[in-house]
Amino acid sequence: MIVEVFKLFGEEGGFEDDDSENGLLYVSFGGEMLDTSGVAFDDEEGSDSLDQSIVILSRNSKSDVEDKNKTRKSATQQCKENNFKNSLNNLFDIAHKDAFNIIKIDEDRQFLTLQRQEGRVGYMAGVDKKLCAVEERKCERKQRRELFKQTSMMRPGPSHTVDFEESISSDDERDMLKSKDSEMCESIIMPIKNKRGRKEIMTSRLASALDKCKVSDRDAVHLLIACAEVFNVNVNDYAINRSSVKRSRESFPFHQLNLNFAVVHWDSKILPNMIGTENVDRLPVIITAPNVEQLLGVPHLSSGTGKEISSAVYDTLKDWSMLEKVQAFVFDTTASNSGRLNGSCVLLELMLNRPILFLACRHPIFEIILQSVFSYSKLTTMSGPEIPIFKRFKNNWNQIDQTKYSTWVSDNEVKKILHKVADDVIIFCKDTLNQNLPRDDYKEFLELVIIFLGGVPPKGIHFKRPGAYHLARWMCKGIYCLKIYIFQEQFKLTKAEITSLKTICCFIVKCYIEFWFRSPNAIEAPYNDVLFLRKLEDYKSDDKQVAELAIKKFINHLWYLGEETACFSLFDDRIENHVKKQMAQQLLENDELQEDELTTEIQKKYVLKIGDVSQFLKQNLPLELLTPKSKNLFQRFQLSMEFLHQNPENWPNIDSYIEAKNILHHSSVINDAAERGVKLMEDFNTKFTKNENQKQYVLKVVQEYRKKYPSHTKDTLTKDAHK
């Protein structure tokens, strides 16, 4: 209590007298003394100082009260004792009567006010435990150092040992001194703790492998120690603990891209946020170039509007210093991306302040066409995301005998439509199966077409159990329709459902399957669009309504018949050499652009009305699609035009042609890269960390590792060791 008084009022107050005989302790502030009555009195010098707050303590008063009242048990006495106990937590207030005027610091005034409240709100603790622990450790280290010095001084060196032993006259005395010395050393020397391992075990590849396999820091410690024991390595030599592993996984640098040009991809996906409290829009942003596919980031969006998407892509490109490198966009054909006024592509082009090549993802274009045919056929009524007939077929799959199936030859109407193309389609499907397909459902789709046409796939006839049939999964429509038609004799169907299945299956086989699997090829894209329009035009003789419906949907997405993209056909092997020669001459004749052509915006996609399709297909395509601005493609991707002066027959032997064809061939016109980014974010959305920056780093590391080691075979995983 006295200590608190001095802290509150400074060094002016102090002890003036100590009457040990009377058991009184006199305290003064400003020179004024107080006795046991609690009234100020003048000391021998007769001080006239101001009336100050005082404290009087009696050393013997406590014991006197205890002796007097220890036998009292009355209610009054117990009430007084309880009141006394309750008052012990209250402040013994000896503050100056003008304390609030004297105290200048507002925080001190508040502290005094809280101290005067009942229970002394906010009183200071007595011991700082953290500081005490630090001081104790410091003291222990100091003691160990002192003991070590003493022990070192008591241990004689080789030269001292000789002199010391020579001064001893007898062997008994020498043995006695040695035993005493050893006993003293044993009593002084303290046990030495094991040193912490300093060798770094984490490498960039090991950290990437742990991230790819979704191994947490704590699980990584278990694995590393277990592996070290298997290989007979002393784990105490290495820094293997959770914090060291965590720091190592976060510290490996990530290389920057050094590209002359690049194509940017993006695709949005609604996912839970990292703490799982709400859903947010995530936008994987990916850069591609020849032999390069790099995830730049997966920022979250406040909304899925074109403005938010364009801002997120721009900021991500800026962080990677790629704003000047981007030459093309690859995007899904949704309104938020391809909108004429507020689409993300238009807004991002304005932010970059230069013309950009628009490469709409070709897969969604063909998905729209198949969806329109599926809806027109009225195969089933749908009131939600599920498709009832597909659900019914999936539930009845166990009752189907897979050895008893039907083909197209069992129906004369189907046979009439497909008999001219059946053999060519089977050959195309078998050739495509020999290629590296990105997904298993692509393979199943091709195999079902071959079985439907009466052929046998390369790996024999077998059927997979029906999978997901959600309305948004476009390929399931083709797979389910083919599979239901093949087992129609074992599955109850109405006449309307059978008719709808025929409509869908014939369209898939004759018009759709080939152009879907050719869609990823950028060089073939313009001519494929022309051929697909011709195929649909010819299909009017088989099913006019379906053909017109498909044409109506497709002409809204003629992105690859634009001024620049038409130049892709220069490298298409299906284009005859005399046509290529005419295309080259047309590009070379327009070396100088007219002033009005310079100010005209480059056409992003070809605009065609449905009534003009027949006339359009009569033109010399793709020759008549070229304009003076078409050569911008060569400048955009830094392609040489020297080969255009040569005969097209010699182009395959010219380096400039080979280089240009290789660059354009690796230009992606599908958005699978962004879809892989979406899947990556789904897999690691709630893994490892809730820190946004670290989450972005993990995604990049995993994507890089998967790209470097695409399979789990021993040869693939040890290819670096063989170099």
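How many salt bridges does the count come to? In this predicted model, the count comes to 17 salt bridges. Let's walk through a few of them and then move on to the aromatic rings.

Glu 413 pairs with Lys 502, with 3.9 Å between the closest N and O atoms. Lys 502 has a relative accessible area of 17%, so it counts as buried, the cut-off being under 20%. Salt bridges with shared partners also bring in Asp 411, joining it with Glu 413 and Lys 502 in one network. Another bridge to find is the one between Lys 540 and Glu 537, whose closest N and O atoms are 3.3 Å apart; Lys 540 is partly exposed, at 27% relative accessibility.

Next come the rings, where the count is 33 aromatic pairs. In one of them, the ring centres of Phe 445 and Phe 517 are 6.4 Å apart and the planes meet at 40 degrees, so the pair is tilted. This pair links distant parts of the chain, since Phe 445 sits in helix α19 (residues 440–452) and Phe 517 in helix α21, 72 residues apart. Both phenylalanines are buried. Phe 643 and Trp 651 make an edge-to-face pair, with 5.1 Å from centre to centre and 85 degrees between the planes; these two residues are buried as well. Phe 445 and Phe 517 also belong to one aromatic cluster, whose members include Tyr 442, Trp 516 and Phe 554.

The charged end of Arg 205 sits over the ring of Tyr 709, 4.2 Å from its centre, and that of Lys 604 sits over the ring of Phe 358, at 4.5 Å.

Val 230, Phe 231 and Val 233 make a nonpolar patch of about 320 Å². Val 233 is found in the loop between α10 (217–230) and α11 (242–251), and its relative accessibility of 32% makes it partly exposed.

Methods:
Residues numbered from 1 in each chain as written. Predicted model: local features only at pLDDT ≥ 70, side-chain atom pairs only at ≥ 80, totals over all residues. Heavy atoms only, no water. Patch = residues over 30% accessible without salt bridge, like charges linked within 9 Å, V, L, I, M, F, W, Y side chains within 5 Å. Areas by Shrake-Rupley, 256 points an atom, 1.4 Å probe, with all protein chains shown as cover. Salt bridge = Lys/Arg side-chain N within 4 Å of Asp/Glu carboxyl O. Helix = DSSP H or I, 4+ residues; strand = E, 2+ residues; numbered from the N terminus. Buried < 20%, exposed > 50% of the residue type's maximum accessible area, 1.4 Å probe, protein only. Phe/Tyr/Trp six-rings, centres within 6.5 Å; stacked < 30°, edge-to-face > 60°. Lys NZ or Arg CZ within 6 Å of the ring centre and 35° of its normal.
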